[in-house]
Amino acid sequence: MEILQLWLKIPILTQGSETAKKFVRYRNLKDPVKKQEALYAALAEASQFTGLPVNNVRKIFKNMDELIDGGEDPAKVILR
């Protein structure tokens, strides 16, 4: 049992198991909104293998949407 626990502490295996857990959670959810959020979380976790900054890109698009909507001061949104 100790060998299995040691294997699961290797970062690439840990990341793989976390990604799998998130995809299983996505598959088991029934609520469409929560299911969409779970899918994004699973895909973002999976993209970490490639080194893509998915969370940063998501924030950039969110800030661009806020600029377009004009809800806040543009200077604040740009500084985020």
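What share of the contacts in the protein chain with a separation of 6 or more comes from residues 24 or more positions apart? They account for 21% of those contacts, where contact means heavy atoms within 4.5 Å.

This is a predicted model, in which local features need pLDDT of at least 70 and side-chain atom pairs count only at pLDDT 80 or more, while totals for chains, interfaces and linings use all residues. Residues are numbered from 1 along each chain as its sequence is written, and side-chain values use heavy atoms, with hydrogens and water left out.

**Whole chain**

The chain has 5 helices and 0 strands, and its pattern along the sequence reads α-α-α-α-α. Helices (H or I, at least four residues) and strands (E, at least two) are DSSP runs, numbered from the N terminus. Switch to a surface: the accessible area of the protein chain is about 6700 Å², and 64% of that belongs to carbon and sulfur atoms. Accessible areas come from the Shrake-Rupley method with a 1.4 Å probe; for residues, only the protein chains shown count as cover. Of the 80 residues, 12% count as buried. Buried means under 20% relative accessible area, exposed over 50%, and partly exposed in between (1.4 Å probe, protein chains only).

**Helix H3**

Select residues 32-47, which form helix H3. This helix has 16 residues and reaches 22 Å from its first C-alpha to its last, close to the 22 Å expected at 1.5 Å a residue; the expected span is 1.5 Å times one less than the number of residues. Colour Ala38, Ala42, Ala44, Glu45 and Ser47, which are buried in H3.

**Salt bridges**

The structure holds 2 salt bridges, each defined as a side-chain nitrogen of Lys or Arg within 4 Å of a carboxyl oxygen of Asp or Glu.

Select Lys22 and Glu45, whose side chains meet in a salt bridge at 3.2 Å, N to O. This pair links distant parts of the chain, with Lys22 in helix H2 and Glu45 in helix H3, 23 residues apart. Lys22 is partly exposed at 29% relative accessibility, whereas Glu45 is buried at 18%.

Next select Lys21 and Glu18, with their closest N and O atoms 3.7 Å apart in a salt bridge. Both lie in helix H2 (residues 11-28), 3 residues apart, so they are separated by about one helical turn. An α-helix has 3.6 residues a turn, so residues three or four places apart point the same way. Lys21 is exposed, with a relative accessible area of 53%; Glu18 is partly exposed at 32%.

**Charges over rings**

A charge sits over a ring if NZ of Lys or CZ of Arg is within 6 Å of the ring centre and within 35 degrees of the ring normal. Select Tyr26 and Lys35: the charged end of Lys35 sits over the ring of Tyr26, 5.1 Å from its centre. Then select Tyr40 and Arg58, where the charged end of Arg58 sits over the ring of Tyr40 at 4.0 Å from its centre.

Not counting residues up to four places away in sequence, Val54 touches Tyr40, Ala44 and Ser47.

Finish at Ser47, in helix H3. Is Ser47 buried or exposed? At 11% relative accessibility, Ser47 counts as buried. Leaving aside neighbours within four places in sequence, Ser47 is in contact with Leu52 and Val54.
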